[in-house]
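Subject: Structure handover

Hello,

Please find the structure below. My notes on it follow, and they can be read with the model open alongside.

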Amino acid sequence: MENNRISNKAGLGVFRATGIYVGAILGSGVLVLPAIAAREAGPASLLAWALLLVFCTPVAFSFAEMSRQQPDAGGIAHFVTRAFGRRASAVAGYLFYFAIPFGAPATAVIGGNYIAHALGGGRGTALAAGAVLLAAGFASNAVGIKLSSRIQLTLMVVLVGLLALAVAVAAPHAKAENFEPFAPHGYWAVGGAASLLFFCFAGWEAVTHLAAEFRHPERDLKRATWLTLIVVGVVYILSLIHI
């Protein structure tokens, strides 16, 4: 117990932990999904964002509370072990483990496509940029949690700043009539938009593996969760307003 306390003194504080949380929740879809949801449900897609933010709150705090009570690098697999035993834990662990080899390259390629579009490049540019992004992710992970958490925090600040700038530039061109009709495809379309946006609010489970790295997990896990909910909500609403 004493060794754990000593290691935690040099661990994650609430702001760097928030940077990691935000990095786990926000994905490349933040640049695409607001427009798709708006096309699906019109201005009423705002309701889908709000409902999902409300519904994901108890999920976020459930993971935070489990991590606070059982801070372990096993994360989800550790919780499943305590609840259902080792066999179920092995299944959960392998499912989580094999999601990364498929998910990380796909996300990097999506980011590479954004870069290629901005530079006017083709498929080769997108793949090369995706490879660089993937290598940067591996390098960030290799240098350790202390430096990578600072990088995540910096990227979070840059992202929010850029979105705020985009909204400020677009604000003079905003018109109230753009919100009329509010639900051009009916309110049932809000459900369809919500199904598209669901994965924008997933990722809380990814940070459970880092609970033991927190300086004060009993206090900072909930604080980081609150801050992440605020940042994610602001980013998504700014993205939608910009669209």
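**What was found**

At 53% relative accessibility, tyrosine 187 counts as exposed, since the cut-off for that label is over 50%. This is a predicted model, and the values here are computed from it. Tyrosine 187 sits in the loop that runs between helix 8 (145–170) and helix 9 (189–197). Tyrosine 187 also belongs to a nonpolar patch on the surface, together with Leu47, Leu51, Val54, Phe55, Phe179 and Phe182. The accessible area of these residues together is about 700 Å².

**Salt bridges**

Side chains of opposite charge can pair when their charged atoms come close. Searching the whole structure gives three salt bridges.

Glutamate 65 pairs with arginine 68, and their closest N and O atoms are 2.6 Å apart. Both residues are in helix 4 (residues 45–69); because they are three residues apart there, about one helical turn separates them. Arginine 68 is partly exposed, at a relative accessible area of 29%.

Glutamate 65 has a salt bridge with lysine 222 as well, with 3.4 Å between the closest N and O atoms. This pair links distant parts of the chain: glutamate 65 is in helix 4 and lysine 222 is in helix 10 (residues 217–242), 157 residues apart. Lysine 222 is partly exposed, with a relative accessible area of 36%.

Aspartate 220 and arginine 219 form another salt bridge, in which the closest N and O atoms are 3.1 Å apart. Are the two partners buried or exposed? Aspartate 220 has 2% relative accessibility and so counts as buried, while arginine 219 is partly exposed at 38%. Through shared partners, salt bridges join Glu65, Arg68 and Lys222 into one network.

**Aromatic pairs**

The search of the whole structure also finds three aromatic pairs. One of them is formed by tyrosine 21 and tryptophan 204: this pair is tilted, with 5.8 Å centre to centre and 50° between the planes. Where in the chain are tyrosine 21 and tryptophan 204? Tyrosine 21 is in helix 2 (residues 14–25), and tryptophan 204 is in the loop between helix 9 and helix 10. The two are 183 residues apart, so the pair links distant parts of the chain. Both tyrosine 21 and tryptophan 204 are buried, whereas tyrosine 187 is exposed.

Regards

How values were computed
Residues numbered from 1 in each chain as written. Predicted model: local features only at pLDDT ≥ 70, side-chain atom pairs only at ≥ 80, totals over all residues. Heavy atoms only, no water. Salt bridge = Lys/Arg side-chain N within 4 Å of Asp/Glu carboxyl O. Helix = DSSP H or I, 4+ residues; strand = E, 2+ residues; numbered from the N terminus. Buried < 20%, exposed > 50% of the residue type's maximum accessible area, 1.4 Å probe, protein only. Patch = residues over 30% accessible without salt bridge, like charges linked within 9 Å, V, L, I, M, F, W, Y side chains within 5 Å. Areas by Shrake-Rupley, 256 points an atom, 1.4 Å probe, with all protein chains shown as cover. Phe/Tyr/Trp six-rings, centres within 6.5 Å; stacked < 30°, edge-to-face > 60°.
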